[in-house]
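Thanks for coming. I will go through one model today, starting with its salt bridges and ending with the ligand.

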Amino acid sequence: MKILVAVKRVVDYNVNVRVKADQTGVETANVKMSMNPFDEIAVEEGVRLKEAGVATELVAVSLGGAPCQETIRTALAVGADRGILVQTDAALEPLAVAKLLKKLVEREQPALVLLGKQAIDDDSNQTGQMLAAMLGWPQGTFASKLTIADGKATVVREIDGGLETVAFPLPAVVSSDLRLNTPRYASLPTIMKAKKKPIDVVKPEDLGVDLAPRLKTLKVVEPAKRKGGVKVGDVAELVDKLRNEAKVIP
Ligand code: AMP
């Protein structure tokens with residue numbers, strides 16, 4: 001069984017993100033970039049399925065500029081077998097990513113596509129759902145447990161009220177939530193080995209996908225600064241402030 005895992009290059013989660021002076025987006029020049037944390041979890045799950053003998057091949061796919069090769073190499077260093085880079089400098093919205101992934105799925109014929117539940121840069125949480133819909137495949141999103149047996153996937157999903165278990169036949173799309181697993185670190189020997197693993201580079205034009213944006217960003221601004229708190233002397237003062245200053249109680 002072959003697995004395709006989508007890995008996005010995003011601003012590292014430790015970076016204090018700054019808005020560009022012209023308010024068109026956030027600063028990415030000279031900023032540390034890493035694999036989207038939910039995608040690290042998706043890769044780890046794919047590697048575990050290989051180690052368990054459930055999967056035979058794990059293919060890491062990234063879409064974006066040439067530096068996405070590094071993101072693919074990170075996946076290769078923890079156990080993915082090969083990579084595919086869909087190289088473009090165009091800004092990619094989730095719909096375009098899903099369309100490109102669909103083309104790769106048709107080429108590669110995996111039994112399972114693993115993605116992160118959301119990319120921490122745009123927080124869209126759309127790509128996996130769109131891909132499953134366009135393929136006409138079942139989906140298990142926000143997975144905190146994944147079991148594959150007898151051509152079927154069972155996914156425990158993190159939902160608002162608790163945990164929901166769904167089962168569906170393969171091929172399918174599964175997106176990872178935080179508690180699915182704890183990703184491993186790459187060791188030096190595996191990093192060295194990963195340098196020899198192949199990465200296929202394709203262009204969106206080769207896949208015949210229209211990348212035209214459907215959304216227009218009007219402006220990006222910093223969140224409002226939080227004002228400092230005050231200490232109240234007693235309950236009466238608190239109630240007075242809630243009623244007359246914050247106006248949150250009648
Ligand atoms: P999003 O819908 O943008 O929140 O992204 C959900 C998931 O889709 C991510 O965690 C990735 O697994 C995948 N994804 C989105 N954009 C890309 C990209 N440019 N390259 C690779 N994977 C992506």
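**Salt bridges and ligand shell**

Asp 177 and Lys 117 form a salt bridge, with their closest N and O atoms 3.2 Å apart; the term means a side-chain nitrogen of Lys or Arg within 4 Å of a carboxyl oxygen of Asp or Glu. This is a predicted model, in which local features need pLDDT of at least 70 and side-chain atom pairs count only at pLDDT 80 or more, while totals for chains, interfaces and linings use all residues. Residues are numbered from 1 along each chain as its sequence is written, and side-chain values use heavy atoms, with hydrogens and water left out.

Back to that pair. It links distant parts of the chain, 60 residues apart: Asp 177 sits in the loop between strand 10 (172-176) and helix 5 (188-194), and Lys 117 in the loop between strand 6 and helix 4. Helices (H or I, at least four residues) and strands (E, at least two) are DSSP runs, numbered from the N terminus. Are the two partners buried or exposed? Asp 177 counts as buried, at 5% relative accessibility, and Lys 117 also counts as buried, at 18%. The cut-offs are under 20% relative accessible area for buried and over 50% for exposed, with partly exposed in between (1.4 Å probe, protein chains only).

The structure holds 16 salt bridges. Another of them joins the side chains of Lys 8 and Asp 122, at 3.9 Å from N to O. That pair also links distant parts of the chain, 114 residues apart, with Lys 8 between strand 1 (2-6) and strand 2 (9-11) and Asp 122 in the loop between strand 6 and helix 4 (127-135). Lys 8 is partly exposed at 27%; Asp 122 is exposed at 52%.

Within helix 3 (residues 94-108), Lys 102 and Glu 106 lie 4 residues apart, about one turn of the helix. Their side chains meet in a salt bridge of 2.9 Å, N to O. There is also a network of salt bridges linking Lys 2, Glu 57, Arg 82 and Glu 108.

Now the ligand. Its oxygen atoms include one 3.0 Å from a polar backbone atom of Ala 6, and a ligand oxygen is 2.8 Å from a backbone N or O atom of Gln 126. A ligand nitrogen lies 2.8 Å from a polar backbone atom of Leu 63.

Technical notes:
Polar contact = N/O pair within 3.5 Å; in protein donor to acceptor, adjacent residues only side chain to side chain.
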